[in-house]
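I opened this notebook to record what I looked up in the model, entry by entry. The entries follow the order of my reading.

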Amino acid sequence: MTLKLYYHPLSSFCHKAIIALYENGTPFEPVLVNLGDEESSRELRRLWPLAKFPVLRDDARACTVAEATTIIEYLDIYYPGAARLLPADAQIAWQARMWDRFYDNYIHIQMQKIVGDHLRPVGAGDALGVAQAKTTIRTAYGMIDAMMADKNWAMGEAYGLVDCAASPSLFYASLAVPFDPALRHLRAYFERLIARPSYARVLREAEPYFDMFPMSVKPALASARESQ
Ligand SMILES: N[C@@H](CCC(=O)N[C@@H](CS)C(=O)NCC(=O)O)C(=O)O
C-alpha cells in the first residue's frame, strides 16, 4: 500500500483527513502513533520533526504531506475519487479555502486551547485564554448559523473540504461550548455532519479511546447516536 497515514484516533485534525480518505474509499495504511512513546513516534518525527499529526506518506510519489487541509488537497489532486472535495470552480474554491481557514482558526484551534487547559498542571491554567477562546467560538457559531440557513453543506449541495474541517472542530468544540438552542441551523448542520457515514465511522473507531480524552465526550456522542 503506498499511502500511510500517521495519526491518533482522538486527534481532531486527524479526523479531518480521515474523513476525506473515507469519503472516497481511498486505500491507506493507518499508523497509530503514541507521541508519549519514543519508538512509536520515531518514524513520524523523522518525516515531520514538528511531530504534529496527521502526516501522510506517499511512497509511490516520494512525498510527505503534512497539515490536514493540504492532505485533503493532495488526495484530491493525486488520488481523486467520485467525491471531489475541492470545488473545481475557482469562484467557489477560494470561498472553500476561506471557510476551511475559518473552521481551523476560529473553532478548531480555539477548542484545542480549551482542551489543552485541562491538561495543564494545577495552578498553571490560562483562565483568560480559555474565556477568550470561548468568546471566539460563540461568535463563530453565530456566523455558521447564518451561513447554514439555506444549504445542506458548507459550499452548497456538494460535501467537501469545509465540511471535513467542520465535523471534528464542531464535535469537540460542542463539548466545551454547547450550542445555543436558538442556533437551530448550526445544530441541524452538526446533526448532518455527524450522521455522514465517513464521520460516523471515524467516531465509532475513536470511541474505545474517548476515556483518554480530558473532557466528557458523552453529550456529543449521544447526539451522534440519535442522528443515526
Ligand atoms: N495545523 C495542523 C495541526 C495539527 C495538530 O495540531 N495536531 C494535533 C492533534 S489534533 C497534534 O499533533 N498534537 C500533538 C502535540 O501537539 O504534541 C493541521 O492542520 O494538521
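**Entry 1. The turn residue.** With 7 C-beta neighbours inside 10 Å, Ala 62 counts as exposed; a residue is buried if 20 or more other C-beta atoms lie within 10 Å of its own, exposed if 12 or fewer, and partly exposed in between, with C-beta atoms placed from the backbone. I noted that this is a predicted model, in which local features need pLDDT of at least 70, side-chain atom pairs count only at pLDDT 80 or more, and totals for chains, interfaces and linings use all residues. Residues are numbered from 1 along each chain as its sequence is written. I located Ala 62 in the loop between strand 3 and strand 4; helices (H or I, at least four residues) and strands (E, at least two) are DSSP runs, numbered from the N terminus. Strand 3 and strand 4 form a hairpin with 4 residues between them. The phi of Ala 62 is near 55°, a positive value in a residue other than glycine.

Entry 2. I found Ala 51 in the loop between helix 2 and strand 3. Ala 51 also has a positive phi of about 55° although it is not a glycine, and it is partly exposed, with 15 other C-beta atoms within 10 Å. Lys 52 lies in the loop between helix 2 (38-47) and strand 3 and counts as partly exposed, with 15 C-beta neighbours inside 10 Å. I placed Pro 54 in the loop between helix 2 and strand 3; the peptide bond from Phe 53 to Pro 54 is cis, with omega near 15°. For reference, most residues other than glycine have a negative phi, and most peptide bonds are trans.

Entry 3. I traced an open sheet of 4 strands in the order 2-1-3-4, with mixed pairing; two strands pair if DSSP finds at least two bridges between them. Strand 2 (29-32) and strand 4 (63-66) are the edge strands, each pairing on one side only. The twist from one strand to the next averages 20°. Strand 1 (residues 3-7) pairs with strand 3 in the antiparallel sense over 4 bridges, and Tyr 6 stands opposite Val 55 in strand 3. The bridge partner of Val 55 in strand 4 is Ala 66. Strand 3 (residues 55-58) and strand 4 likewise pair in the antiparallel sense over 4 bridges, where Asp 58 has Cys 63 as its bridge partner in strand 4.

**Entry 4. Two helices.** I recorded that helix 1 and helix 3 pack at an angle of about 10°, with their axes 9 Å apart; axes are lines fitted to C-alpha atoms, for helices over the stretch in contact, and angles run from 0 to 180 degrees between N-to-C directions. That makes helix 1 roughly parallel to helix 3 (angles under 35 degrees count as roughly parallel, over 145 as roughly antiparallel, 65 to 115 as roughly perpendicular and the rest as oblique). Residues in the contact (C-beta atoms, placed from the backbone, within 7 Å) include Phe 13 and Leu 21 of helix 1 and Ala 68 and Leu 75 of helix 3.

**Entry 5. The ligand.** Which residues are around the ligand? I listed Ser 11, Ser 12, Phe 13, Leu 35, Lys 52, Phe 53, Pro 54, Glu 67, Ala 68 and Thr 69, a residue being near a molecule if its C-beta atom, placed from the backbone, lies within 6 Å of it. Helix 1 (12-23) and helix 3 (68-78) are the elements that give two or more residues to this shell.

Note on methods: Two residues are in contact if their C-beta atoms, placed from the backbone, lie within 7 Å.
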